Amino acid sequence: MKNKDTFHILALDGGGTRGIYTAQLLAKIEQAFGTRIKTCFDLIAGTSTGAIIAGAAVSDIPMQDIVELFDTETPHIFRRRWYRIPLFLSKYPSEQLAKVIAKHIPATPLGEIATPLMITSSEIARSEVHIFRSNYGSHDSEGTPTTSKEVCLRDAILASCAAPIFFAPKSIDNLLLADGCLWANNPSTIAATEALSAFRKEPREIRMLSIGTGHSTNMYQQRRGWGFITGWGGVKLTSYVMTLQAQASAHTAKLLLRGNYLRVSPEIGRWEIDNLTQLDTLKSLAERDFERHAKEIRTFISEASE
């Protein structure tokens, strides 16, 4: 039975293939504590690859299945177009990503999902933030545009995964949507805000587990030329912005929630979001970090799963 005095939140970062770290960590939680992720939290928020994992969690899909998704499907998702002209086409076709999502995630309308779920995206035509929400009943928030509850979970995930340069935007309800990483790669702050505003909770009542996909320690070095390609690194700039936002959101959430905020994210090399060579390393890091933080993690979910 859930402790009604504590509001448990799970916030999942974006990060492309690095999401295998998140999936592996959550799989360890399910295995060690004998529970399903959806039963441990009152609100689950995800961005991009975190949206895939969040969608699987609220669909009661075992996290080990999602680890296997990353292992087997990411080479197909991140397969470059043989005919790609970089200035005119996205790096990868969205059709293959859509096929993988359709294969593993149910086509459930958001309005039929009982577990409170937030998926972030960006409305690029109007330069607005956009949040997909499941069926909160009377808990809908004000201040952010919300699409129809008839929108399919799969489509919401595809919109959240449409990282600039990597994938084309997704059109839903006459909106042109791209990756939520542009403003909420780490959805901790918006999830906390949702708890405060939509669910009328106090900071002391909130307990949040935030899982990142790695913080690079060697993104840039001093150099002479700082052009878009030669200095900023083209697509590397997207990864840098994502990492910076994730750090800012984590600091803000920590200030707001203090000891009720647990952030788990490893230090990594400069691994781009389409890197396929570090999957096993990321799984090992997740197992290491679970062992390091197991006691803390238990305190953040045990009351919700008792």
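I took helices (H or I, at least four residues) and strands (E, at least two) as DSSP runs, numbered from the N terminus. The model is predicted, so to speak of local features I need pLDDT of at least 70, with side-chain atom pairs counted only at pLDDT 80 or more, while totals for chains, interfaces and linings use all residues. Residues are numbered from 1 along each chain as its sequence is written, and side-chain values use heavy atoms, without hydrogens and water.

I searched for cavities (sets of points on a 1 Å grid over the protein atoms alone where a 1.4 Å probe fits but cannot get out, lining residues having an atom within 4 Å of a point). Points are joined across faces, edges and corners, and a volume is the space filled by probe spheres set on them.

I found three cavities of 30 Å³ or more.

The largest cavity has a volume of about 150 Å³ and a lining of 16 residues, with Gly16, Thr49, Ile52, Phe78 and Cys161 nearest its centre. Both α2 (49–58) and α3 (63–77) supply at least two lining residues each, and α3 gives the most, four. I sorted this lining into 11 nonpolar, five polar and no charged residues, counting Ala, Val, Leu, Ile, Met, Phe, Trp, Tyr, Cys and Pro as nonpolar, Asp, Glu, Lys and Arg as charged, and the others, Gly among them, as polar.

The second largest cavity holds about 70 Å³, and of its 13 lining residues Asp13, Thr213, Gly214, Ala246 and Arg263 are closest to the centre. Helix α8 (residues 235–257) provides the largest share of that lining, three residues, and by class the lining has one nonpolar, nine polar and three charged residues.

Note on methods:
1 Å grid on protein atoms, 1.4 Å probe; cavity = no way out; pocket = protein on both sides within 12 Å on 5 of 7 lines; lining within 4 Å.
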